[in-house]
Amino acid sequence: MKEKISIIIPVYDVEQYLSRCIESIINQTYKNLEIILIDDGSTDKSPVICDTYAESDYRIKVIHKSNGGLSDARNAGLDIATGEFIIFVDSDDYIELNLCKKCMESISDEIDIVAYGFERFCDGNDAKRKATVGNIRRIPNNELFKYYIDRHHLTHMVCDKMFRKYLFKSIRFIKGRLAEDMAICYQLIGMSKEVIVIDEVLYNYYTRSDSIMGTGSLKLCIDAYKGECEAYDYGNLHFPQFKKNNDTRFLNQSMKVYLKLTKLYKLSVQDVNVQIVTNNIKQLKKRGLPLSTLGFYTAFYINKKIAWMLFKVLKLT
């Protein structure tokens, strides 16, 4: 029997998109799936849609629970998952029909994560497929965290990866935290033996204007920065050989977050969140960092508006 993949789909008020998502999963060319739909207290017709699909496909399990947020819903799915592998799909997204097959064709005993490409699309627009070649890249453990720090082939998201279930033995999403992927993805990658990267778009990521990611709230900004801080500390502790890369990313992100908090969200420089970022910037040693980052750092103290433009032009990580 081929190994089972548990696909976890949190569901909350997505009746308009839910069938598209579920259809892309039940019609996978790889059939040994456990499909877990977590109705997180939906107030629309989503619960009925979930139950209807469960009646026609024995692989579907439905959990109806009170609203606890995305992290809580994903955790509920992890708690009952029986597959050897885990894939997360958001209920307004959809996946290519060969995603699971591609992942399982790439897996071996040394591989703990299979990462693949994703494509964003927005309200009123279909996903536009970029030409991809399907090349496969194997990243060994001694390089993994550097790839993650640099966001080179490895993002902070969980939706563009298949994981071995054992990685979640002691890890759960933080309930109430936005940018929840950033709070755990660095740990999952840090624990992995090797990672395979499939250079092909297999996940279609739908950004709604009314979604958590689409609204760009202050809490999202603050929570994402918490994840950056936690990943920075983790990297320094477990992968000190990549400290220069770690310092570079953390300084770039800290300055970016400072600018967002003060310019976009209009927080005072005395605000506790701004003070945390300010102290982190001051404490980081700058010597030996890339010239692009040092140039951004110089502009940051001379003119914050120019610094923000410079950040976007240089496409700093």
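Q: Leaving aside its neighbours within four places in sequence, which residues is P47 in contact with?

A: This is a predicted model. In it, P47 touches D39, S42 and H64, once neighbours up to four places along the chain are set aside.

Q: Where is P47 found?

A: P47 belongs to helix α2. The C-alpha atom of V14 is 9.7 Å from that of P47, although 33 residues separate the two along the chain.

Q: Is P47 buried or exposed?

A: Look at the relative accessible area. Under 20% counts as buried. P47 has 15%, so P47 is buried.

Q: What is the bridge partner of D39 in β3?

A: H64 is the partner of D39. Both D39 and H64 are also contacts of P47.

Q: How many bridges join β2 to β3, and do the strands run parallel or antiparallel?

A: There are 6 bridges between β2 and β3, and the strands run parallel.

Q: Which unit do β2, α2 and β3 make?

A: Together, β2, α2 and β3 form a β-α-β unit, and the unit is right-handed.

Q: How do I read the buried side of a helix? Which residues of α1 are buried?

A: Start with the general idea. An α-helix has 3.6 residues a turn, so residues three or four places apart point the same way. Now take α1, residues 18-26. Its buried residues are L18, C21, I22, S24, I25 and I26.

Q: What covers the buried residues of α1?

A: The cover includes the strands β1 (5-11), β2 (33-40), β3 (60-65) and β5 (94-95). Helix α2 (46-56) is also part of the cover.

Q: Which residues are buried in α5, and what do they pack against?

A: In α5, residues 141-149, the buried ones are L144, F145, Y147, Y148 and I149. They pack against β7 (135-140), α6 (185-191), β9 (194-207), α8 (218-238) and α9 (243-264).

Q: What follows α5?

A: R151 follows α5. The phi of R151 is positive, near 55°.

Q: How many residues has the largest nonpolar core?

A: First, the general idea. In soluble globular proteins, nonpolar side chains tend to be buried together. Here, the largest nonpolar core has 78 residues. I5, F88 and M162 have the most contacts inside this core. Strand β9 gives the largest share, 8 residues. A second, separate core has 23 residues, among them C221, Y225, L261 and L284.

Q: What does F88 touch, not counting residues up to four places away in sequence?

A: F88 touches I8, R74, L78, V158, C159, F163, F168, F173 and Y203.

Terms used: Residues are numbered from 1 along each chain as its sequence is written. This is a predicted model: local features need pLDDT of at least 70, side-chain atom pairs count only at pLDDT 80 or more; totals for chains, interfaces and linings use all residues. Side-chain values use heavy atoms; hydrogens and water are left out. Buried means under 20% relative accessible area, exposed over 50%, partly exposed in between (1.4 Å probe, protein chains only). Helices (H or I, at least four residues) and strands (E, at least two) are DSSP runs, numbered from the N terminus. Contact means heavy atoms within 4.5 Å. Two strands pair if DSSP finds at least two bridges between them. A crossover is right-handed if, with the strands pointing away from the viewer, the path from the first strand over the helix to the second runs clockwise. A nonpolar core is a set of buried Ala, Val, Leu, Ile, Met, Phe, Trp, Tyr and Cys residues joined through side-chain atoms within 4.5 Å.
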